[in-house]
Amino acid sequence: QKGLEAEGGEAGPGEIKERIPGDGPAGGRKLGTQVHTFLQKVDPASFEGRDLAAWSALPATQALAEACLPREGRSDALRWTYDAMTGPVPLPEGGPAVLHRAPELLREMDFLTPYPGSEDFLTGSMDMLFQWDGRAHVLDWKTNRLAAYGPEALAEAVAAHYLLQVQIYAVTACRFLGIRDRDHYERTFGGVVYVFLRGLPAGGIWTCRPAWEELLEWEARLGERRPESLIPVHAGGERHG
């Protein structure tokens, strides 16, 4: 049996790597890992009733920032976190969620699931699985610097670089939730949310919720891919393009 990774590296194709004044710290995989770690460990309850300055000044926030975040650009990363956890996050089916108030919130959820039509397994990690209005939603953080963060730019970036990741996360989340039919799907799964942190609070959020039939098509197409094609290049996988 072969372990496969589902990963959408923070320094992926299409990222704008030049430093832009006022656009936060330089990007890259290291920054992505640091910010993801901070978002994984921050206490959701710490945001309640506090503005950015008050939350940033908390001893617990300062200690966690010192342990996880680089000094350069730390204030930007704190603002990204505050905006992401306290601001309205639009959902695929309409209406906003407020992440720090989500009744259920699982972070850095590792998974190991059978690869469709194969003896291999697919392994990876979801940044967040949260519940809102009775439905579970997959959320993925991105620290990538893009040229723009409006709906069209985000749709283009996801279609070009993250669509397979979106499909894997949606299929895997539904397996985790035990969804086996349309009715259960409609009641239980809310969709996928990608948060490009540099675009907050004015933009930076992309969402989708496939129809039940589309989800089944995604799973079938995943089974048609050779497992080797999903292994990252740095781990010995195939290079594409």
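**Exercise 1. State which elements each supply at least two residues of the lining of the largest cavity, and describe that lining.**

Solution. Strand 4 (104–114) and helix 6 each supply at least two lining residues; helices (H or I, at least four residues) and strands (E, at least two) are DSSP runs, numbered from the N terminus. This is a predicted model, in which local features need pLDDT of at least 70, side-chain atom pairs count only at pLDDT 80 or more, and totals for chains, interfaces and linings use all residues. Residues are numbered from 1 along each chain as its sequence is written, and side-chain values use heavy atoms, with hydrogens and water left out.

Step 1: A cavity is a set of points on a 1 Å grid over the protein atoms alone where a 1.4 Å probe fits but cannot get out; lining residues have an atom within 4 Å of a point.

Step 2: count. There is 1 cavity of 30 Å³ or more, and the space in the largest cavity is about 30 Å³, a volume being the space filled by probe spheres set on the points, which are joined across faces, edges and corners.

Step 3: list the lining. Thr113, Pro114, Tyr115, Pro116, Leu122, Ile168, Val171, Thr172, Arg175 and Leu222 line the largest cavity. Helix 6 gives the most, with 4 residues.

Step 4: classify. The lining has 7 nonpolar, 2 polar and 1 charged residues, where Ala, Val, Leu, Ile, Met, Phe, Trp, Tyr, Cys and Pro count as nonpolar, Asp, Glu, Lys and Arg as charged, and the others, Gly among them, as polar.

**Exercise 2. Find which residues of helix 5 are buried and what covers them.**

Solution. Step 1: in helix 5 (residues 151–161), Leu154, Ala157 and Val158 are buried (under 20% relative accessible area; exposed is over 50%; 1.4 Å probe, protein chains only).

Step 1: these residues lie on the same side of helix 5, because they cover an arc of only 95 degrees around the axis; the arc is that of the directions from the helix axis to the C-beta atoms.

Step 2: Glu152, Glu156, Ala159 and Ala160, on the other side of helix 5, are exposed.

Step 3: the cover includes helix 6 (163–176), strand 7 (189–196) and strand 8 (205–208), with contact meaning heavy atoms within 4.5 Å.

**Exercise 3. Repeat the analysis for helix 3 (residues 59–68).**

Solution. Step 1: Thr61, Leu64, Ala65 and Cys68 are the buried residues of helix 3.

Step 1: they fall within an arc of 100 degrees seen down the axis, so they line one face of the helix.

Step 2: the face turned away from the buried side carries Pro59 and Ala67, both exposed.

Step 3: the buried residues pack against helix 1 (29–41), helix 2 (52–57) and helix 4 (74–86).

Definitions and conventions:
On a 1 Å grid over the protein atoms alone, a cavity is a set of points where a 1.4 Å probe fits but cannot get out, and a pocket is an open set with protein on both sides within 12 Å along at least five of seven lines; lining residues have an atom within 4 Å of a point.
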